[in-house]
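Dear colleague,

I am passing on a structure that you have not worked with before, and I would be grateful if you looked through it with the notes below at hand.

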Amino acid sequence: MEQFIMNTRIYMGAGSLEKIRDLEIERAYIICDPFMKQSGKADQIAALLSERGACWEIFSEVVPDPTIGVVTKGIEGMCAFRPDTVIALGGGSAIDTAKAVSHLYAAMDKERRPRLVAVPTTSGTGSEVTSFAVISDPEAKAKYPLRDAAMVPDVALLDPELTATVPPHITADTGMDVLTHAFEAYVSTAAGDFTDACAEKAIRMVWKYLERAVADGGDMEARERMHNASCLAGVAFNGASLGICHSMAHALGARFHLAHGRSNAILLPHVIAWNAGLETAGEEAALGRYVEIANMLGISAGTPKATVHGLIRQIRNLMKRIGIPEQITELGIDREEFFSAVEDMAEKAAADACTDTNPRRPEKAEFEDIYRRLCKGGTL
């Protein structure tokens, strides 16, 4: 038996942020990063809350790759303020922080979790509709994916106007995160008809609109479609889960402090090649699924493997056009330092929960080999 559950009420399109006025909120705890406070976006939400007579407080200490320490501070603030609603404003880091804070706050006080409203300001993580959150431990240089159905936001407000000022390089990174979510959900061992439908649509939209959004941040049609694609990909992987591209990106990003979307992007061509068995004599189960994606995008060749080679080539071409490099050394990482970290990253990737639904199960040595391919030549 399969199941598909969608608990989030989604409002989308220009002006959807103003839906906050209509929500039954008395005390709102706004979780965001310092930039959201300094830029006035948090105050914009506060003004909407004031219009409906609600009290509010802003917690603006979110950091990239949210840490256990930040989550602890957020819980302390909630215990003092006692909100009925938590509003997460920002990218994946803010929304993941709000999920973890709300969930642990409710568990500690043995109370019902406050309503959780997610307002994404980047088009990437899809965290506004998922049960996932990723928390970092800087001392262990590790990222821990958390999953609990209770962490799914109740409301998502997809207002593309909030993404208009996102810089091109962040638009590129987060857009490749969307594409990776959709690819991994589509080839997941837990994929089904409903998750496939969302993944397929997300892939089509990223393929058509990402380059436009990077080239011109004021292209609001591209911004809106990328925002919707991010959410659709989130719906897809919330149901189907992910794969080793994310497992490896979690370890890579935690070790070298790389943006999550960029980590996914640089790994994606290598993971597709390995999952599809392009270097083996036989055919892996995922090969046909990648062929389906390629054909959907108008890519085909004489054989299934040749078609997937073509798909990988087109992904790399897209990355080049939007300014994402192919090799780890192009990101300012020392080659020898990277190779010395490969074994530890492989161990962490093998233990990552996302590995469980990958279409092909790597041994530790195979994780290491994929990592080494991120450097030209593949070995020292």
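Which residues form a nonpolar patch on the surface? Please keep in mind, before reading on, that this is a predicted model. The nonpolar patch is made up of Phe4, Met6 and Phe194, which together have about 290 Å² of accessible area. Of these residues, phenylalanine 194 belongs to helix H6, and because its relative accessible area is 58%, where exposed means over 50%, phenylalanine 194 counts as exposed.

Helix H6 also takes part in a patch of another kind. A positive surface patch is formed by Lys201, Arg204, Lys208 and Arg225, and helix H6, which covers residues 193-215, supplies the largest share of that patch with 3 residues. Lysine 208 is placed in helix H6, and it counts as exposed because its relative accessibility is 54%.

Threonine 180 is found in helix H5, which covers residues 168-187, and since its relative accessibility is 0%, with buried meaning under 20%, threonine 180 counts as buried. When its neighbours within four places in sequence are left aside, threonine 180 is in contact with Cys245, His246, Asn264 and Leu268.

Threonine 307, for its part, is placed in helix H11, which covers residues 304-321, and it counts as buried because its relative accessibility is 3%. Again leaving aside neighbours within four places in sequence, the residues in contact with threonine 307 are Val291, Ala294, Asn295, Ile299, Ser300 and Ala301.

Lysine 19 lies between strand E1 (9-12) and strand E2 (27-31), in the loop that joins them.

With kind regards

Definitions and conventions:
Residues numbered from 1 in each chain as written. Predicted model: local features only at pLDDT ≥ 70, side-chain atom pairs only at ≥ 80, totals over all residues. Heavy atoms only, no water. Patch = residues over 30% accessible without salt bridge, like charges linked within 9 Å, V, L, I, M, F, W, Y side chains within 5 Å. Areas by Shrake-Rupley, 256 points an atom, 1.4 Å probe, with all protein chains shown as cover. Salt bridge = Lys/Arg side-chain N within 4 Å of Asp/Glu carboxyl O. Lys, Arg positive; Asp, Glu negative; His and termini not counted. Charge placed at Lys NZ, Arg CZ, Asp CG, Glu CD. Helix = DSSP H or I, 4+ residues; strand = E, 2+ residues; numbered from the N terminus. Buried < 20%, exposed > 50% of the residue type's maximum accessible area, 1.4 Å probe, protein only. Contact = heavy atoms within 4.5 Å.
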